[in-house]
Amino acid sequence: MSPMDQFKTRDKANEGVRIPLSKPGGAPTEHWLIVRSAWSDEFQFARNAMFRDAVEESKAVSCAPEAEQGKLRREFDRKRRAKAVAALIAEWSFDETECSEQSKIDFLLDAPQVLAMVEHIAEDDKRFFGQGWTSSSSGEKQK
C-alpha cells in the first residue's frame, strides 16, 4: 500500500453503508437504505446540478408575482434538496417500488426525517472511512 492510498476515498464513498430504517416514533422496521458518502461521485454530480438548477429557478422566481416568490422559492429549495439527497441512496429494501431517482425524491419529500438522517449519515466520514468500519455494514462499529 502506497502512502497515498490512505487518502483515497472514492471506492468506499461510492459503495455506501447499509442503514436500518425506523418508524418516525423510533420503532425498528425490516427496511433499510444503502447510503453513499457525501464524497461519492453520484452526490458530487447531484450537488453541482443543484447549484445550476438554483440559478435557473431563481430566474423563474423573479418572473413570478412578488406575492408568490417566497412560496415558490421555498418549494424549489425543498425539491432541489430532495433531488440532491436522493443521489445518496444507492439501494433500498422497498421491493414494491423501484429505486429510481423520482421514487427516491418522492419518498424523501414525504419523509423529511429520512432525508435529514441520510444527509447526516452521508456527512459522517468515520462511518465510511474510519478504522473499524466496513462498507455495506449496518453502520455500527465492529468489535
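Visitor: Where is Ser37 found?

Guide: In this predicted model, Ser37 lies in the loop between E2 and helix H2 (41-63).

Visitor: Is Ser37 buried or exposed?

Guide: Buried means under 20% relative accessible area. Ser37 has 0% relative accessibility, so Ser37 counts as buried.

Visitor: Which residues does Ser37 touch, leaving aside those up to four places away in sequence?

Guide: Ser37 touches Ala13, Phe43, Leu88, Ala122, Asp125, Phe128 and Phe129.

Visitor: How much of the protein is made up of buried residues?

Guide: Of the 143 residues in the protein, 34% are buried. Contacts can also be sorted by separation along the sequence. Among the contacts with a separation of 6 or more, 57% are between residues 24 or more positions apart.

Visitor: How many helices and strands are there in the protein?

Guide: The protein has 6 helices and 3 strands. Along the sequence they follow the pattern α-β-β-α-α-β-α-α-α. As for extent, the C-alpha trace spans about 60 × 40 × 25 Å along its principal axes.

Visitor: How many bridges join strand E1 to strand E2, and in which sense do the two run?

Guide: Strand E1 (residues 17-22) and strand E2 (residues 28-35) run antiparallel and are joined by 5 bridges.

Visitor: What do E1 and E2 form, and how many residues are between them?

Guide: They form a hairpin, with 5 residues between E1 and E2. In the turn, Gly26 has a positive phi of about 105°.

Visitor: Which strand does E3 pair with?

Guide: Strand E3 (residues 89-92) pairs with E2 in the antiparallel sense, over 3 bridges. Here Ile34 stands opposite Glu91 in E3.

Visitor: What describes two packed helices?

Guide: Two packed helices are described by the angle between their axes and the distance between the axes. In this structure, helix H3 (residues 66-86) and helix H4 (residues 101-110) pack at an angle of about 125°, with their axes 9 Å apart. That angle makes H3 oblique to H4. The crossing of H3 and H4 is right-handed.

Visitor: Which residues in H3 and H4 meet?

Guide: From H3, Arg78, Lys79, Ala82, Lys83, Val85 and Ala86 take part, and they meet Glu101, Lys104, Ile105, Leu108 and Leu109 in H4. Sorted by class, the contact of H3 with H4 has 6 nonpolar and 5 charged residues, and no polar ones.

Definitions and conventions. Residues numbered from 1 in each chain as written. Predicted model: local features only at pLDDT ≥ 70, side-chain atom pairs only at ≥ 80, totals over all residues. Heavy atoms only, no water. Pairing = 2+ DSSP bridges. Helix = DSSP H or I, 4+ residues; strand = E, 2+ residues; numbered from the N terminus. Axes fitted to C-alpha atoms, helices over the stretch in contact; angles between N-to-C directions. Parallel < 35°, antiparallel > 145°, perpendicular 65-115°, else oblique. Left-handed = near helix turned anticlockwise from the far one by under 90°. Contact = heavy atoms within 4.5 Å. Nonpolar A, V, L, I, M, F, W, Y, C, P; charged D, E, K, R; others polar. Buried < 20%, exposed > 50% of the residue type's maximum accessible area, 1.4 Å probe, protein only.
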